Amino acid sequence: MKKGLLAAGAVGILAGCTTPMPPDLGCGVPGGLCAPVQPNTSAVPSEPPPAPPETPPSEMRTSPVELYPGTNNPQSGARPAAGTARIALLLPLGSPGLGQAAEAVRAGFLAGQERDGAGIEVTVVASGESPESTLQAYARAAEQNDIIVGPLARSSVAAIIGSNAVTRPTLVLNHPQTEGPLPPQVLVLGLSLEEEARQAADWAAQEHPAGRALVLSGKAAWQQRAAGAFAARWTRLGHNNARVELPINDGYVDANALSELRSRLAVDRPELVFAALDAGTLRQVRSSLGTSLPTYALSAANPGRSPGLAVPELDGVRLVDLPWTIQPDNAQVMLYPRPVDSDSLDMQRLYALGIDAFQVARTLVQQPGTGFELDGVTGRLSVRRNNGAWSLRRIEASAVYRDGIGYEAVAGK
């Protein structure tokens, strides 16, 4: 159970965006990132020693490169061959809070380049964690590259979007907190718990066309947003729902609240439950209420498949998550190596985000100005350009959690 709780706590980083990621990675997810670790690619000090003219400070050539931590093998600063597309990957690699997340994205991005990088040169640009340092690094990267991928922290994304700095196609890795239009060259790639919630509502409506839903959440911002997104879509689909906010303290659901909910369900039973909860708290809820009610949940509720992990309380839970985490036999997923040092589902999701970020950037290079679709490791990606502005829609994978087995894929999902 401890592993399930830890994995769920980290989920905060991912849903980006308006979902989980570390503190500023935004989305206000459960607990944010794990404790900082020393990244494999270190950021350049604030006053770096003089560098050769071909390689500006805090930048490093990365092709060819080995994929796993500790195998950094920079390329020389030679200029790219004629016709080579130049992509800058802008990440806070030296950040105490975000370095681990940035390293996971970097490793995935380079895994994508290793497989499909012909004609593309990638330069990793180590930015700081602050919006100011990110703007400076972005300006340098834009001078020498055709496409920018990054930044990662939500505050840095907001700084880029709110400035006049966007001069190149830019694929940001988190969701901005803005209702206004984005600069026409910006495409948002970040993961989103709200989108997962809406997808769960569509799935539940297909299986329960006349169903009444009970929507469960805690007080955390990411839980409130996910519950609100499900309820709004459920209502739009013509269904009724009731929302219940559970008191949760240090990962434990209040026993009195569970008792009251159990009594309520005995006289007013819904047809299904949507749980905007992590794996640990959902386990407690189902242990108290029983497992007979069809339950739909987000990636945050995925307990993982650690050896020896048994979570019978979650058996039968319908999960929306990335193909990378719940479809290991997916044809696209099997094309790429797994990180050798990460048991964290959140870091796995960020690694997958890095892979798909490379594939989207590569396709934009090959098909400039046109929309396209990709079968990615984070889901089915549909990139469109309308009235000069880019948008991306991601359909994640759907599976039923089976205790002791893993995940049972849902046909057509």
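Mentor: Let us begin with Ala229, which has its place in helix α6, where helices (H or I, at least four residues) and strands (E, at least two) are DSSP runs numbered from the N terminus. Before going on, note that this is a predicted model, in which local features need pLDDT of at least 70 and side-chain atom pairs count only at pLDDT 80 or more, while totals for chains, interfaces and linings use all residues. Residues are numbered from 1 along each chain as its sequence is written, and side-chain values use heavy atoms, with hydrogens and water left out.

Trainee: Okay, is Ala229 buried or exposed?
Mentor: Ala229 is buried, with a relative accessible area of 8%; buried means under 20% relative accessible area, exposed over 50%, and partly exposed in between, using a 1.4 Å probe and protein chains only.

Trainee: And what does Ala229 touch?
Mentor: Leaving aside residues up to four places away in sequence, Ala229 touches Glu194, Ala197 and Arg198, where contact means heavy atoms within 4.5 Å. For Ala197, which is 32 residues from Ala229 along the chain, the C-alpha atoms of the two are separated by 6.0 Å.

Trainee: Which other residues of α6 are buried?
Mentor: The buried residues of α6 are Trp222, Gln223, Ala226, Ala227, Ala229, Phe230, Ala231 and Trp234, and they pack against α5 (193-207), β7, β8, β9 (248-249) and β11. As for its length, α6 has 16 residues and reaches 22 Å from its first C-alpha to its last, close to the 22 Å expected at 1.5 Å a residue; the expected span is 1.5 Å times one less than the number of residues. After α6 comes Gly238, whose phi is positive, near 90 degrees.

Trainee: Gln223 is a polar one in that list, so what is its side chain doing?
Mentor: Gln223 also belongs to α6, which covers residues 221-236, and it counts as buried at 6% relative accessibility. A polar atom of the Gln223 side chain lies 3.1 Å from the backbone nitrogen of Gly218; a polar contact is a pair of N or O atoms within 3.5 Å, where within protein one must be able to donate a hydrogen and the other to accept it, and residues adjacent in sequence count only if both atoms are side-chain atoms. Not counting residues up to four places away in sequence, Gln223 touches Ser217, Gly218, Ile248, Ala276 and Leu277.

Trainee: Switching to β7, why is it called largely enclosed?
Mentor: Five of the five residues of β7 (residues 213-217) are buried, so the strand is largely enclosed by the rest of the structure. Ala213, Val215 and Ser217 point one way from β7, whereas Leu214 and Leu216 point the other way, and all are buried.

Trainee: Which strands does β7 pair with?
Mentor: β7 pairs in the parallel sense with β8 (residues 241-245) over five bridges, two strands being paired if DSSP finds at least two bridges between them. In that pairing Ala213 stands opposite Asn241. The chain crosses from β7 through α6 to β8 in a right-handed β-α-β crossover, meaning that, with the strands pointing away from the viewer, the path from the first strand over the helix to the second runs clockwise. β7 also pairs in the parallel sense with β11 (residues 272-276) over five bridges, and there Leu214 stands opposite Val273.

Trainee: What about α7, where do its buried residues sit?
Mentor: In α7, Ala257, Leu258, Leu261 and Leu265 are buried. Seen down the axis of α7, its buried residues fall within an arc of 95 degrees, so they line one face of the helix; the arc is that of the directions from the helix axis to the C-beta atoms. What covers these residues includes β7, β8, β10 (252-253) and α8 (279-289), while the face of α7 turned away from its buried side carries the exposed residues Ala255, Asn256, Glu260, Ala266 and Val267.

Trainee: And which residue caps α7 at its N-terminal end?
Mentor: That is Asp254, which has a side-chain oxygen 3.1 Å from the backbone nitrogen of Asn256.

Trainee: Last one: how much of the whole protein is buried?
Mentor: Buried residues make up 55% of the 413 residues, and the secondary structure comes to 10 helices and 18 strands.
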